[in-house]
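Please examine the sequence and the three-dimensional structure shown below.

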Amino acid sequence: SEAASAAGIRMTLLDACYLQAGVSGAPLEGVQLRFGDASGEAWSERVSAMLSSSVVSELVRIGVAAHSVRATPAPAIKTVAALAAIEDLPLHVHLSEQQRENEECLKALSLTPTDLLFDCGALTSHTTAVHATHLTTMDLGRIGLASCGVCACPTTERDLGDGIGPFAELAEAGAV
């Protein structure tokens, strides 16, 4: 943040809540442990401390992320969404990046990842969906009606091999 401030560049630092290794709640292990938080409440305490720290300035703001429905269970997604709403923070989430994520979410919860985010209050005009590759027609409508942002890099998506999202349809539905 010091370098950004010195250069006069605006920056948003996103703190991601990352608690599990899959939609089914598998525990983190190995290298994933370095990303993990003990709980949604522990994550929230850390972010609250950051919000009142000297890192925040005219050029540096804090944002939040529920990493993905794979890594963040519903109660923690609600915690992230509530903090974003209370503090008026940007909220990011990796959404439907892979078909497997959608399949696991449907199997475990009978919801698409977008439906889960909707149910948790995490789809708002402050939300940015990262990837948004494999969406249903209902997902497109939910994202559009909430005026969510969508962030994707077609070359990254190509390199990951997951496909390119329905960006024209998202824009048509009201996503920004």
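How many disulfides does a search of the whole structure find? The search finds zero disulfides, a disulfide being a pair of cysteine sulfur atoms within 2.5 Å. The structure is a predicted model, in which local features need pLDDT of at least 70 and side-chain atom pairs count only at pLDDT 80 or more, while totals for chains, interfaces and linings use all residues. Residues are numbered from 1 along each chain as its sequence is written, and side-chain values use heavy atoms, with hydrogens and water left out.

Cys 105 is buried, with a relative accessible area of 0%; here buried means under 20% relative accessible area, exposed means over 50%, and partly exposed lies in between (1.4 Å probe, protein chains only). For Cys 151, the closest cysteine sulfur is in Cys 153, at 8.3 Å, again too far for a bond. Cys 151 is partly exposed, at 40% relative accessibility.

Charged side chains come next. Side chains of opposite charge can pair when their charged atoms come close. The structure holds six salt bridges, each defined as a side-chain nitrogen of Lys or Arg within 4 Å of a carboxyl oxygen of Asp or Glu. One of them joins Arg 46 to Asp 15, with an N to O distance of 2.5 Å. Because Arg 46 lies in helix 2 and Asp 15 in strand 1, this pair ties together parts that are 31 residues apart in sequence. Helices (H or I, at least four residues) and strands (E, at least two) are DSSP runs, numbered from the N terminus. Asp 15 is buried at 9% relative accessible area, whereas Arg 46 is partly exposed at 34%.

Asp 37 belongs with these two residues: Asp 15, Asp 37 and Arg 46 are linked in a network of salt bridges. Asp 37 is found in the loop between strand 1 and helix 2 and is buried, at 12% relative accessibility. Not counting residues up to four places away in sequence, Asp 37 touches Ala 16, Cys 17, Tyr 18, Leu 19, Trp 43 and Arg 46, where contact means heavy atoms within 4.5 Å.

Tyr 18 also takes part in the one aromatic pair found in a search of the whole structure. Rings of Phe, Tyr and Trp (its six-membered ring) pair if their centres lie within 6.5 Å; planes under 30 degrees apart count as stacked, over 60 as edge-to-face and the rest as tilted. The ring centres of Tyr 18 and Phe 35 are 5.6 Å apart and their planes are at 50 degrees, so the pair is tilted. Both residues lie in the loop between strand 1 (11-17) and helix 2 (40-51), and the pair ties together parts that are 17 residues apart in sequence. Tyr 18 is buried at 14% relative accessibility, and Phe 35 is partly exposed at 44%.

The side chains of Asp 115 and Arg 142 meet in a salt bridge, 2.9 Å from N to O. This pair links distant parts of the chain, with Asp 115 in helix 5 and Arg 142 in helix 6, 27 residues apart. Asp 115 is buried at 14% relative accessibility, while Arg 142 is partly exposed at 21%. The charged end of Arg 142 also sits over the ring of Phe 118, 3.9 Å from its centre; this requires NZ of Lys or CZ of Arg within 6 Å of the ring centre and within 35 degrees of the ring normal.

A nonpolar core is a set of buried Ala, Val, Leu, Ile, Met, Phe, Trp, Tyr and Cys residues joined through side-chain atoms within 4.5 Å. Of the 35 residues in this core, Val 64, Ile 77 and Leu 117 touch the most other members. The largest share, six residues, comes from helix 3. Leaving aside neighbours within four places in sequence, Leu 117 is in contact with Val 69, Ile 77, Val 93, Leu 95, Ala 122 and Leu 123.
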